[in-house]
Amino acid sequence: MTAEAASIGERIRTEIDRALQRNIKGLDYLSNEGPALGVTPRELLHRRGTMALYRYRALADEVYRVPLLIVMALTNRGYILDLAPGQSFVEYLLKQGYDVFVIDWNAPRSDEKKLRIEDYTLDFIPDAVRRVQEASGEEDINLIGYCMGGLLSSIYLALHPESPVRHFAAFTTPIDFSEMKLFAHWSDKRHFDVDRLIDSTGNAPPDMIFAAFDMLRPADRAAGTIQVWDNMWNDEYVKSYRMFDRWATDVLPLPGEYFRQFTKAFMWGNLLVKDAFEVDGRPVKLNRIKVPVLHAIAEHDHIVPYGAARALVQKIGSKDKEEIVLKGGHVSLVAGGNAIKRLWPKLDAWLGKRST
Amino acid sequence: MAESSSPDPFDFWRDLLSQMEKGVNQFANQGMKTDEFAKGASKLMTANAARKKITQAMVKRYCEEFNLPTRSDVEAVNERLQSLEDRLVEIATTLRRLADAQASGGVATGPARTRKPPPEPAAEAAAPARTGAAKRNTKRPAS
């Protein structure tokens, strides 16, 4: 038998073995809910309507002086930052000695449909900052914002130059909305009647938000299903797929007025990048942000492309500012194997020395 | 064992799947960039929302007719419960803090806030992130 024939034989044997495994594990896949997510021990410090502020239990004997507050995006659940043990960003931070607080968002109730950007940047975030100060006994705070959480944090910082935030790390934060080409096109005011939509729905429905994200790459869902079947024999692959898939489909509704304001101010007017955005009559000038800033952007981000994110570092007034573009996508930048190798150690190296 | 020079059919179809995924995404994105698509999608979305609103109004009328709680009634109860729960969380947190303060005699509890970053490993820790993606990762200077 030639080496080539032996190799083909070996390959076929492997595939038959995998086919058997697929059938056995496929049943388990269908009957099992998948891994538990967001299991790092934490305490609910405060909850008010859509806002929930958590403090995670320290995993180090000695922590940094400055507590760390993370602001999650409004459209998705915060457990993307706390996937399974060993793959949890929060767990990593705790082990590195950070005192971690997270603002996670609940689905807005129907009476919260009136919430606007004002409520997040003049009320919820400042309230959480005060509570972190109280709970930690420290005046200074470091802040991280992911995606829209980064946008809201940036607006908060621009409106509160006197805030106790000492350092700010933003992950994939959009500022120039004209660069989010497909979203901008779909929400073009010539076709998209946001008033009519929100007047009839109250809050922006999660299925609409999910569909908008999904349509950016319409083949991904079908291809992902085929790939998970192909890799059903591989427990790690299946576990990872299920974690990310569950999170991606667990989309939250957005408060109706927030969505209306967001569409008009950012998608139609692109006001933030033009320094023309106002919150409660107060101009939001990003150059008023003077604290040291790190902005991590994903090279293959199809939701917030580089063009939409780069304006943050360009526009802020900080002298100490750094932008890094890391390999990965919008989600794999912060979670999963890619993040463990790239973003997490980079952030720790930047933030550790700024947390004493 | 010598490397086989013949193409692997299983890898071939996996590559094909990956290429098809890219191709379909690109093709669909082209179509979705047109005004016709944006117009159609907006119309569909608004029509769906309007249809939902009408259905909800009809269901509400039926529920009222049969003396059943409507969705908004259930939501109102849920909101009251939620706000009570919020208050309970607030009270529990305050009590816990008071108990901690009493137990420790006013001395701060929890780990000491004295951690210092390890000087050398901190700089090295970032290295794999850069070198691991040296080809495509760029560190752009702030402008």
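# Briefing: chains A and B and the contact between them

In this predicted model, 63 residues of chain A are in contact with 56 residues of chain B, two residues being in contact if their C-beta atoms, placed from the backbone, lie within 7 Å. Helix α1 (residues 3-31) of chain A gives the most to the side of chain A that touches chain B, namely seven residues; helices (H or I, at least four residues) and strands (E, at least two) are DSSP runs, numbered from the N terminus. That side of chain A divides into 25 nonpolar, twelve polar and 26 charged residues, where Ala, Val, Leu, Ile, Met, Phe, Trp, Tyr, Cys and Pro count as nonpolar, Asp, Glu, Lys and Arg as charged, and the others, Gly among them, as polar.

Residues are numbered from 1 along each chain as its sequence is written, while chains are lettered from A and ligands numbered from 1 in the order in which they are written. As the model is a predicted one, local features need pLDDT of at least 70 and side-chain atom pairs count only at pLDDT 80 or more, whereas totals for chains, interfaces and linings use all residues.

**Confidence and the make-up of chain B**

- The model scores ipTM 0.75 and pTM 0.84, and chain B averages a pLDDT of 75, with 75% of the residues scoring at least 70; pLDDT is the predictor's confidence in each residue, from 0 to 100.
- Chain B holds four helices and one strand, which follow one another from the N terminus in the order α-α-α-α-β.
- Among these elements of chain B, helix α2 (residues 35-65) has the highest mean pLDDT (85) and strand β1 (residues 138-140) the lowest (44).
- Over residues 123-143 of chain B the pLDDT is below 50, although this stretch has 36 contacts in the model beyond near neighbours in sequence.
- Where pLDDT is low, the predicted coordinates should not be read in detail.
- Of the 143 residues of chain B, 5% count as buried; a residue is buried if 20 or more other C-beta atoms lie within 10 Å of its own, exposed if 12 or fewer, and partly exposed in between, with C-beta atoms placed from the backbone.

- The axes of helix α6 (residues 194-201) of chain A and α2(B) come within 9 Å and cross at roughly 25°; axes are lines fitted to C-alpha atoms, for helices over the stretch in contact, and angles run from 0 to 180 degrees between N-to-C directions.
- That angle makes α6(A) roughly parallel to α2(B), since angles under 35 degrees count as roughly parallel, over 145 as roughly antiparallel, 65 to 115 as roughly perpendicular and the rest as oblique.
- The contact is made by A:R196, A:L197, A:S200 and A:T201 of α6(A) and by B:M45, B:T46, B:A49, B:A50 and B:K53 of α2(B), and by class these residues are four nonpolar, three polar and two charged.
- Helix α8 (residues 220-230) of chain A and helix α1 (residues 9-32) of chain B pack with their axes 10 Å apart at an angle of about 165°, which makes α8(A) roughly antiparallel to α1(B).
- In this second pair, A:D220, A:A223, A:I226 and A:D230 of α8(A) meet B:R14, B:L17 and B:E21 of α1(B), a contact with three nonpolar, no polar and four charged residues.

**A helix pair within chain A**

- Helix α3 (residues 117-136) of chain A and helix α4 (residues 148-159) of chain A pack at an angle of about 70° with their axes 9 Å apart, so that α3(A) is roughly perpendicular to α4(A).
- From α3(A) the contact takes A:I117, A:Y120, A:T121, A:L122 and A:I125, and from α4(A) A:L152, A:S153, A:I155, A:Y156 and A:L159; by class there are eight nonpolar, two polar and no charged residues.
- A:L157 also lies in helix α4 of chain A, and this residue is buried, with 26 other C-beta atoms within 10 Å.
- Not counting residues up to four places away in sequence, A:L157 touches A:S163, A:V165, A:F168, A:I289 and A:V291.

**Two residues with a positive phi**

- Most residues other than glycine have a negative phi.
- A:D275, although not a glycine, has a positive phi of about 60°; A:D275 lies in the loop between α10 (256-268) and β7 (278-279) of chain A and is partly exposed, with 13 other C-beta atoms within 10 Å.
- A:D280, also not a glycine, has a positive phi of about 55°; A:D280 is placed in the loop between β7 and β8 (282-283) of chain A and is exposed, with 11 other C-beta atoms within 10 Å.
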